[in-house]
Amino acid sequence: MTSPLYSLEVYHAMKKLREYYFRVIHNHLPHDLKHTCGVILLNLFFSSVHHLAVIATTHDKGVKISAIKDFLLDYAVITDEIEFLVDARAVSFHQAEVMYKDIIDIEEQMGAFRKSLKNGCATPQSTE
């Protein structure tokens, strides 16, 4: 069975960012940051999947727009948490740059999708 999430191009980018964070960053954070900011970030990454699932499975344009707003709010907080980790010197500038490139790409995709919904298109960009 194929998940409806795979039809969203942005899901693949978000999944890549989540994997990079977990594999390269999370397990190497100092204990106190790992169990505070690190957990917040992991929760936001998984919360984002929930918002994408709503987008992928509903046909209600208003619900899709609301889920996009929630998704973008999560990413605003993710950006702030990453910035805090850089300021705390727990994440290198290079690691932050890798994550910021993905975040910008994701925000642009979601912004374009929201704009297309407002203009009348009800289907997300697909990878097919």
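**Helix packing and selected residues**

Trainee: Which residues of α1 and α3 meet each other?
Mentor: Helices are DSSP runs (H or I, at least four residues; strands would be E, at least two), numbered from the N terminus. With contact meaning heavy atoms within 4.5 Å, the α1 side consists of Val10, Tyr11, Met14, Leu17, Arg18, Tyr21 and Phe22, and the α3 side of Gly38, Leu41, Leu42, Phe45, Phe46, Ser48, Val49 and Leu52.

Trainee: At what pLDDT do side-chain atom pairs count in this predicted model?
Mentor: Residues are numbered from 1 along each chain as its sequence is written, and side-chain values use heavy atoms, with hydrogens and water left out. The model is predicted, so totals for chains, interfaces and linings use all residues, local features need pLDDT of at least 70, and side-chain atom pairs count only at pLDDT 80 or more.

Trainee: Are α1 and α3 roughly parallel or roughly antiparallel?
Mentor: Axes are lines fitted to C-alpha atoms, for helices over the stretch in contact, and angles run from 0 to 180 degrees between N-to-C directions. Helix α1 (residues 9-25) and helix α3 (residues 37-57) have axes 11 Å apart and pack at an angle of about 165°. Angles under 35 degrees count as roughly parallel, over 145 as roughly antiparallel, 65 to 115 as roughly perpendicular and the rest as oblique. The pair α1 and α3 is therefore roughly antiparallel.

Trainee: How many nonpolar residues are in the contact of α1 with α3?
Mentor: Ala, Val, Leu, Ile, Met, Phe, Trp, Tyr, Cys and Pro count as nonpolar, Asp, Glu, Lys and Arg as charged, and the others, Gly among them, as polar. Beside one charged and two polar residues, the contact of α1 with α3 has nonpolar residues numbering 12.

Trainee: Is the crossing of α1 and α5 left-handed or right-handed?
Mentor: The axes of α1 and α5 come within 9 Å and cross at roughly 160°, so the two helices are roughly antiparallel. A crossing is left-handed if the near helix is turned anticlockwise from the far one by less than a right angle, and right-handed if clockwise. The crossing of α1 and α3 is left-handed. For α1 and α5, the crossing is left-handed.

Trainee: How many charged residues are in the contact of α1 with α5?
Mentor: Residues of α1 that meet α5 include Glu9, Lys16 and Leu17, and those of α5 include Asp102, Asp105 and Ile106. By class, this contact of α1 with α5 has 13 nonpolar and two polar residues, and the number of charged ones is four.

Trainee: Which helices are among those covering the buried residues of α1?
Mentor: Buried means under 20% relative accessible area, exposed over 50%, partly exposed in between (1.4 Å probe, protein chains only). In α1 the buried residues are Val10, Tyr11, Ala13, Met14, Leu17, Arg18, Tyr20, Tyr21 and Ile25. Their cover includes α3, α4 (61-87) and α5 (93-118).

Trainee: How many nonpolar residues are in the contact of α3 with α4?
Mentor: The axes of α3 and α4 cross at roughly 160° and come within 9 Å. The two helices are therefore roughly antiparallel, and α3 passes α4 in a left-handed crossing. Their contact has three polar and four charged residues, and its nonpolar residues number 18.

Trainee: Is Asp102 buried or exposed?
Mentor: Asp102 lies in helix α5. Leaving out residues up to four places away in sequence, Asp102 touches Lys16 and Leu17. Because its relative accessibility is 10%, Asp102 counts as buried.

Trainee: Which residues does Leu85 touch, not counting residues up to four places away in sequence?
Mentor: Leu85 is in helix α4 and is buried, with a relative accessible area of 1%. With those sequence neighbours left out, Leu85 touches Leu29, Leu33, Cys37, Leu41, Ala90 and Val91.

Trainee: What is the relative accessibility of Arg89?
Mentor: Arg89 is found in the loop between α4 and α5. Its phi is near 60°, a positive value in a residue other than glycine. Arg89 counts as exposed because its relative accessibility is 78%.
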